[in-house]
Amino acid sequence: RSPRSGVVQIAMKYLGSPYQWASSAPGSFDCSGFTMFVYAQVGVRLDHSSRAQIDQGERVGRANLQPGDLVFFGSPIHHVGMYIGGGQMIHAPHSGDVVSIDSIDRGNYAGACRP
């Protein structure tokens, strides 16, 4: 059983939570705070930085993404979400938004890792 089993179900509990820059609390999150918080629930420690998180797991090719993998965006990397399958991710998008499900086809896809 991999450490990421169950992380997508945990993440889904926080749909609708408000975005808050630099936050990783159960009430509000920024993008890396969200992935850090969810992974902590299954005993996996991640840094509170999307740029750091891409190096905190095995790199995964886009064709081999599995639910729970982290997907990264930007150059330099400035955003992270959690892949949930079907070309979709759950993430804390930006100020004024809430944790939501969106496509990973944003045009600035930078890579993925499996913590």
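I take helices as DSSP runs of H or I with at least four residues and strands as runs of E with at least two, numbered from the N terminus. By that rule I find 3 helices and 8 strands in the chain. Read from the N terminus, their order is α-β-β-α-α-β-β-β-β-β-β.

I note that this is a predicted model, in which local features need pLDDT of at least 70, side-chain atom pairs count only at pLDDT 80 or more, and totals for chains, interfaces and linings use all residues. Residues are numbered from 1 along each chain as its sequence is written, and side-chain values use heavy atoms, with hydrogens and water left out.

Next I looked up the overall dimensions. The C-alpha trace spans about 35 × 30 × 25 Å along its principal axes.

Of the 115 residues, 47% count as buried (under 20% relative accessible area with a 1.4 Å probe, protein chains only; exposed is over 50%, partly exposed in between). Contact means heavy atoms within 4.5 Å. Among contacts between residues at least 6 apart in sequence, 53% join residues at least 24 apart.

Last, I looked at Pro26, in the loop between strand 1 (24-25) and strand 2 (28-29). Pro26 is partly exposed, at a relative accessible area of 48%. Leaving out residues up to four places away in sequence, Pro26 touches Tyr14, Ser17 and Phe37. From Pro26 to Ile54 I read 22 Å, C-alpha to C-alpha, across 28 residues of sequence.
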